[in-house]
Amino acid sequence: MPVGAVVVSPSGEVLGAGHNAREATGDPTAHAEVLALRAASATLGSWRLAGCTLAVTLEPCTMCAGALVLARVSRLVLGAWDPKAGATGSVWDVVRGRRLNHRVEVVGGVREAECGDVLRAFFEARRTR
């Protein structure tokens with residue numbers, strides 16, 4: 001699935017990036033967001049990504065939304081909303097749960113049409129195989 005993610009520091013430095021690698025690795029946690037968070041944490045030498053922004057092409061699932069909270073990411077910028085499994089405002093809102101000790105600011109729909117077009121084209125190509 002063509003999902004990509006990047007973690008950016010408060011100063012604009014790219015700290016980590018990832019793309020969906022579940023099929024390639026056989027790892028169910030190898031989502032773009034998780035891989036980008038791992039890379040950013042390795043770059044900083046810390047699991048705390050306070051002040052950082054994660055940008056992703058598709059709204060995160062519940063696992064990835066939970067990882068954003070646990071990593072203390074400050075802001076999420078997403079392209080296309082996921083009306084089937086999104087967990088940052090569409091189906092669920094994990095990142096802004098009032099019982100959590102950290103909440104993530106969500107900026108959604110950034111270049112939504114372009115992100116959606118890439119995803120639709122991917123799935124259309126898979127259906128015609």
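How do α2 and α3 run relative to each other: roughly parallel or roughly antiparallel? Keep in mind that this is a predicted model, then select α2 (residues 32-44) and α3 (62-70). Their axes cross at roughly 25° and come within 9 Å. Angles under 35 degrees count as roughly parallel, so α2 and α3 are roughly parallel to each other.

Next, show side chains where the two helices touch. From α2, pick Glu33, Val34 and Leu37; from α3, pick Met63, Cys64, Ala67 and Leu68. Colour that contact between α2 and α3 by residue class and you get six nonpolar residues, one charged and no polar ones.

Now for some backbone torsions. Most residues other than glycine have a negative phi, and the next two stops go the other way.

Walk off the end of α3 to Arg72, in the loop that leads from α3 (62-70) to β4 (75-80). Arg72 isn't a glycine, yet its phi is positive, near 65°.

Last stop: Arg111, in the loop between β5 (105-107) and α4 (112-127). Here too phi is positive, about 55°, in a residue that is not a glycine.

Notes:
Residues are numbered from 1 along each chain as its sequence is written. This is a predicted model: local features need pLDDT of at least 70, side-chain atom pairs count only at pLDDT 80 or more; totals for chains, interfaces and linings use all residues. Side-chain values use heavy atoms; hydrogens and water are left out. Helices (H or I, at least four residues) and strands (E, at least two) are DSSP runs, numbered from the N terminus. Axes are lines fitted to C-alpha atoms, for helices over the stretch in contact, and angles run from 0 to 180 degrees between N-to-C directions. Angles under 35 degrees count as roughly parallel, over 145 as roughly antiparallel, 65 to 115 as roughly perpendicular and the rest as oblique. Contact means heavy atoms within 4.5 Å. Ala, Val, Leu, Ile, Met, Phe, Trp, Tyr, Cys and Pro count as nonpolar, Asp, Glu, Lys and Arg as charged, and the others, Gly among them, as polar.
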